[in-house]
Each structure stands twice: as C-alpha cells, then as structure tokens.
Amino acid sequence: MNKTEKYMDKFEGAIIGSAIGDAFGYPLMKLSFDEICGTFEKKGAMELAINKKTKTALFTEATQMSLFTADGILWAQNEHVSDENASVANYVFYSYQMWLYMQTKTIAGPEYEWLFDKKLNPNMSSLLRSKGLGRSRRLNDVNIDALLEAKNNSYGTLGKRLNNNKDAGAVKRVVSAGLFYGQSPDMAFRIGCDIGAITHSHPDGYLPCGVYAAITAELMTDKSVDEAINNAMALLAAYPNNENTYNMLQAAIDLAANEDIDPLEGIAELGDGFSAISCLAIAVYSAIVHQTNFRFAIELSANHDGDSAACGAITGGILGVWYGRKKLPKQWIKKMQYQSLLETVADVLFENSSYSRAAYVSDGKEADDEDEEDEDEEEDED
C-alpha cells in the first residue's frame with residue numbers, strides 16, 4: 001500500500017468506523033445493560049442490528065452531523081480559509097444550519113436563507129440531496145436548540161460562552177477535524193474545540209472535542225493508540241479549565257491498565273456516557289482495552305446503561321483511523337446504510353487535504369484539484 005492508499009484508507013476507516021459504532025449503539029441507547037442483555041444476548045448486543053425496512057444498519061444524528069462537519073471543513077478549504085479566529089468553525093456552523101433545516105424545516109433566522117440559494121451559495125451542500133440525512137434519529141435537543149438560537153452568527157466560541165452545554169452532543173461529530181488537520185495535532189485540537197463550542201460552549205463540552213480531534217490526528221501517523229491519547233492529553237493540559245476532562249481521561253487510562261478489573265465494571269466507573277467527558281472516557285477505555293479487536297471494542301463501548309451510540313461512534317472513529325478501512329469487519333461495512341455516501345465524504349475530505357497533496361508528490365503523481373461527489377439516491381425508511 002503506497003502513501004496515497006494508506007492515508008485514504010485511514011480517512012475511510014475513521015468515517016466508516018465512527019458510523020459503525022454509532023449504528024451499533026443506536027438500538028441500545030434507551031436501554032439499561034440488563035435490558036440489553038434481555039433483548040439481545042446474555043452478555044449484551046454482539047452484532048449490528050438491521051432495520052427491517054431498509055435491510056441496513058441505521059445511524060443517528062451523530063453520523064449525520066459528522067458528515068455535515070466534513071462538509072463545512074471542505075467549504076472553508078474551498079474558500080481558502082485558515083483557522084485564524086475560528087473562521088473554519090463559521091463554515092461548519094453554516095453547514096449545521098443546513099442540517100438543521102433538513103431536520104426541522106426551519107433555520108435560526110432569515111439571515112441564513114442565502115444558504116439554500118444556489119446562485120448566492122455555490123457551495124450549497126450536496127448532502128441536502130441525501131434523503132436519509134433528513135430523518136430524525138434520536139436527535140439531541142441541545143444541538144437543535146443551540147443552532148436555532150444562533151441568530152446573526154451568534155454561536156458559541158471558546159471566548160464567548162453562551163450556554164452550559166456539556167453533554168456528548170458535540171464530541172461525537174468532530175472526527176473530520178482530526179483527519180483533515182492531522183498533520184498538526186495542535187491545530188486539530190484547536191479547531192475541534194472551535195467546532196464543538198458552536199453548540200457546547202462550556203469547557204467540559206468543547207475540550208473533549210479537541211481531545212478527540214487530536215487523538216485522530218495523532219493516529220494519522222504510526223503512533224500507537226496509547227501514544228496518541230497521551231499526546232492529546234498533553235495538548236489538553238495547556239487549555240484553561242481542563243481539570244474535569246483531564247482527570248476523567250486519566251481515570252480511563254488507569255482503569256485500562258488494571259487487569260484485575262472486568263471491562264464492564266471499568267465502563268461503569270466512568271459514568272453513563274451522556275456527558276462529553278464521560279463519553280470520551282468510555283471510548284478511550286474501550287479503544288485501549290480492545291485495541292487489537294475492533295468488534296470487541298465497539299461491543300464494550302455500547303453495552304452499558306448510557307449513551308451507547310455516542311460512545312460507540314467515538315470508539316469507532318478512534319480505532320477506525322488506527323486500523324484503516326481495509327481492516328474493519330467487512331460484513332459490518334456491507335450492512336451500513338449509505339455506505340457509498342460515507343466513502344465519498346471520506347474520499348473527498350482526503351483529496352482536499354494536505355495528506356493528499358503530500359501523498360501525490362511522494363508517489364510522483366500530479367495532484368488533481370477536481371473532486372467528484374457521488375450522490376447516494378438510496379431511499380431511507382425507518
């Protein structure tokens with residue numbers, strides 16, 4: 001595998017792996033572990049649940065918003081935007097307004113109507129044509145409310161705290177920042193925080209986003225999962241108000257190092273995954289404990305009393321980029337709804353990244369600036 005193939009494989013692995021984890025946890029979200037065991041297996045859910053109508057595994061808003069995050073990052077790149085003054089987050093915010101319209105048929109205010117006019121907005125997202133992304137799948141009301149309240153670009157930033165949102169609604173959607181800005185984990189961390197703060201401007205809401213993005217960025221190299229996590233925590237330590245996030249991640253690392261603790265007990269000690277810091281900690285713990293087995297890691301991250309889908313999505317993103325798409329369970333990939341759309345978003349994100357340009361130069365090829373975006377016309381039925 002040459003460098004071009006290696007990097008693209010990691011992009012696809014992260015996007016698809018995150019969607020798999022999300023889909024695995026989707027049917028488990030409102031069930032306690034005892035209820036999960038009673039519904040599926042004695043030891044919990046062991047397989048992707050298939051929707052009877054679509055014959056595929058369905059994902060939640062976590063994957064929907066992750067795709068729109070990628071779309072916003074690409075939009076910023078197309079406009080030759082750097083990360084100064086959180087300008088990348090501005091385009092991601094616009095992308096989220098388009099997602100908001102797909103979900104609610106409304107936007108924060110008339111000042112965003114231009115987003116849906118192709119003449120005024122030549123970058124209008126092709127994701128709007130994917131009907132399945134308009135289906136309401138366990139929507140996070142916190143995200144919806146924060147986006148509806150953001151009139152005249154008044155969304156949250158690291159320097160402008162508008163709310164106390166610190167649930168897992170932001171952290172589960174920022175894997176694209178870690179991929180696209182992977183050659184600079186520090187930048188990936190900062191932009192991950194900026195994107196998270198759009199809806200979650202409490203430090204316990206956006207700092208886990210930065211950590212997740214930085215872990216993803218570190219794993220774009222040949223670093224181990226443990227090294228990537230430790231390096232991301234070193235970046236976290238430089239940010240104000242990091243104590244809660246840092247301490248929870250350290251607890252996850254310590255638990256993973258204790259072979260006398262049953263993994264299910266370790267998960268229980270880290271909380272329910274509904275808060276961003278608990279969700280990230282559960283994902284980190286699962287990725288460390290089962291880093292040699294993607295399936296086991298996803299099963300562990302999702303089989304508990306809390307936010308199974310969010311925890312599964314982050315675990316899938318972390319190990320997805322580390323493994324790469326080719327090493328993910330093939331049967332699980334085939335079962336995913338909108339598989340081709342997931343691959344297309346990952347590929348376009350890669351093709352516009354510095355990894356693609358570096359890979360083309362390294363492989364002795366000329367970079368192609370023209371992207372082809374495939375429209376997935378599969379009907380989505382719940």
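Of the 382 residues in the chain, 59% are buried (under 20% relative accessible area with a 1.4 Å probe, counting protein chains only). The model is predicted, so local features need pLDDT of at least 70 and side-chain atom pairs pLDDT 80 or more, while totals for chains, interfaces and linings use all residues. Residues are numbered from 1 along each chain as its sequence is written, and side-chain values use heavy atoms, without hydrogens or water.

Start with the whole chain as a C-alpha trace. Along its principal axes the trace spans about 60 × 45 × 45 Å.

Switch to cartoon. The chain has 17 helices and 0 strands (DSSP runs numbered from the N terminus: H or I of at least four residues for helices, E of at least two for strands).

Next, select the largest nonpolar core, which holds 121 residues. Such a core is a set of buried Ala, Val, Leu, Ile, Met, Phe, Trp, Tyr and Cys residues joined through side-chain atoms within 4.5 Å. Ile73, Ile215, Val284 and Met336 touch the most other members. Helix H4, residues 87-104, gives the most to this core, with 11 residues.

Finally, centre on Met336. Beyond neighbours within four places in sequence, its contacts (heavy atoms within 4.5 Å) include Ala19, Ile20, Ala23, Leu48 and Leu342. Thr56, Ala57 and Phe59 are also in contact with Met336.

Conventions:
Buried means under 20% relative accessible area, exposed over 50%, partly exposed in between (1.4 Å probe, protein chains only).
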